[in-house]
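Please consult the sequence and the structure shown here alongside the points below.

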Amino acid sequence: MQHQVFEGVKVADFSWIAAGPWTTKYLADHGATVIKMESESRPDMLRACPPYKGDVPGMNRTSYFTMYNNNKYSMHLNLNLPRGIEVAKRVVAWADVVAESFGPGRMKLWGLDYEELKKVKPSIIMYSTTQQGQTGPGASQPGFGTQLTSLAGFTYLTGWPDREPSLPYGAYTDTIAPRLATAALIAALDYRRRTGKGQYIELSQFEAAVHFISPVILDYQVNGNIAQRKGNLSSIAVPHGAYPCRGDDRWCVIAAYTEQEWQCLCTTMGNPIWTRDLKFATLIDRKKNEEELNVLISEWTMLYNAEEVMIRLQEAGVPAGVVETAEDIYSDPQLQHRHHFWKLVHPEMGEHSYNSPSFRLSKTPCQLDRPAPCLGQHTEYICTQVLGMTDEEFVELLTEGVLQ
């Protein structure tokens, strides 16, 4: 069997919600052993978020939680009890990486901050992620990625110019931070391999996200321009939008960045007479008459289904893609070809689909072996087989509520 790139790496995962668990999922999907710490009194909040399998609510039945936690072990651990902290430090002594995404100062109150964990294991790598970092004027502001998406400026830029700002789907900043965090962890692991030294990685999700709109920021700093909402329009491509197709609420996005792409689009549409009008002769001309152009293109796209429009244009060298529903995505032939969805059997939900990473490592591809865990599912295994507790100690801790 092919070895995976993070095989042998051990992770103590105190993180919850999305940004933290998504980061550790990348490690778990590529061979790392990840132990997720939760308690019945304070489980990962995503366990209470729908959709639920079969519309039946339950802490172990939410698809939202499963997205970020397959290939992980789940251990009950109450950190509000002194012996819970003792057990946590035993897990840290076992681990190579500690991940957490609590509010600033929470880990320090428990005695689990980096300075304390270094005493347990000097080579430990600790990763902390919060909305606005551990220090500074905004550090104490609580919230989720949905609020941070607005704070970082994405909401103001999203939507139609004649309407109120529109929140991008989901907690957009939560999709950015894990990529940068994983790269930082890889660098830290490599550094420790070469030097034997651990380090502390503090990731502000705000700072990680803002660089995604750096062109807008630079345009303001250099030119004084304040970006505005412009729907699907682009300043460097015409046409650039979503066009209606045959069927109920079916759409295909089309973009032409170059004159060659524009000519290929015209050819694919059959070179209707309006394509030779001087008002569409250059990109600048098409930009001036973009509203009329979009109407004319829509008259053509509405004759065909979205998939046909996409295929014909892609074959002609024109960027195009179907605006897919969730059902479309699940049956998308390209995702099927890439084996993006893995079916695993969950203890309560039965067979369930899981997302693999969007990238592929050619020599060490991901392997989704285990479904997301039920709450505390592996507590006894971790305590007795990983931490080496005796049965008597395990029962004692269980009785005291430490392992609940």
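A pocket is an open set of points on a 1 Å grid over the protein atoms alone, with protein on both sides within 12 Å along at least five of seven lines, the probe being 1.4 Å; lining residues have an atom within 4 Å of a point. Grid points are joined across faces, edges and corners, and a volume is the space filled by probe spheres set on the points. The model is predicted: local features need pLDDT of at least 70 and side-chain atom pairs pLDDT 80 or more, while totals for chains, interfaces and linings use all residues. Residues are numbered from 1 along each chain as its sequence is written, and side-chain values use heavy atoms, without hydrogens and water.

**Second largest pocket**
- The second largest pocket holds about 480 Å³ of space.
- Its lining comprises 25 residues, with Trp16, Ser101, Phe102, Gly103 and Gly143 closest to the centre.
- Helix H1 and strand S5 (125-130) each contribute at least two lining residues; helices (H or I, at least four residues) and strands (E, at least two) are DSSP runs numbered from the N terminus.
- This lining has 10 nonpolar, 12 polar and 3 charged residues, where Ala, Val, Leu, Ile, Met, Phe, Trp, Tyr, Cys and Pro count as nonpolar, Asp, Glu, Lys and Arg as charged, and the others, Gly among them, as polar.

**Largest pocket**
- About 1,500 Å³ of space lies in the largest pocket.
- Of its 39 lining residues, Trp22, Met67, Tyr68, Tyr169 and Asn355 lie nearest the centre.
- Elements giving two or more residues to this lining include H1 (19-29), H8 (172-195) and strand S11 (350-355).
- The lining of the largest pocket divides into 23 nonpolar, 13 polar and 3 charged residues.

**Helix H13**
- Glu290 lies in helix H13 and counts as buried because its relative accessibility is 5% (buried: under 20%; exposed: over 50%; partly exposed: in between; 1.4 Å probe, protein chains only).
- Not counting residues up to four places away in sequence, Glu290 touches Leu233, Ala237, Val238 and His240 (heavy atoms within 4.5 Å).
- Val295 is also placed in H13, residues 290-301, and counts as partly exposed because its relative accessibility is 46%.

- Strands S7 (residues 240-245) and S8 (residues 250-255) pair in the antiparallel sense over 6 bridges; pairing requires at least two DSSP bridges between two strands.
- Tyr243 stands opposite Cys252 in S8.
- The hairpin has 4 residues between the strands, and Gly247 takes a positive phi near 115 degrees.
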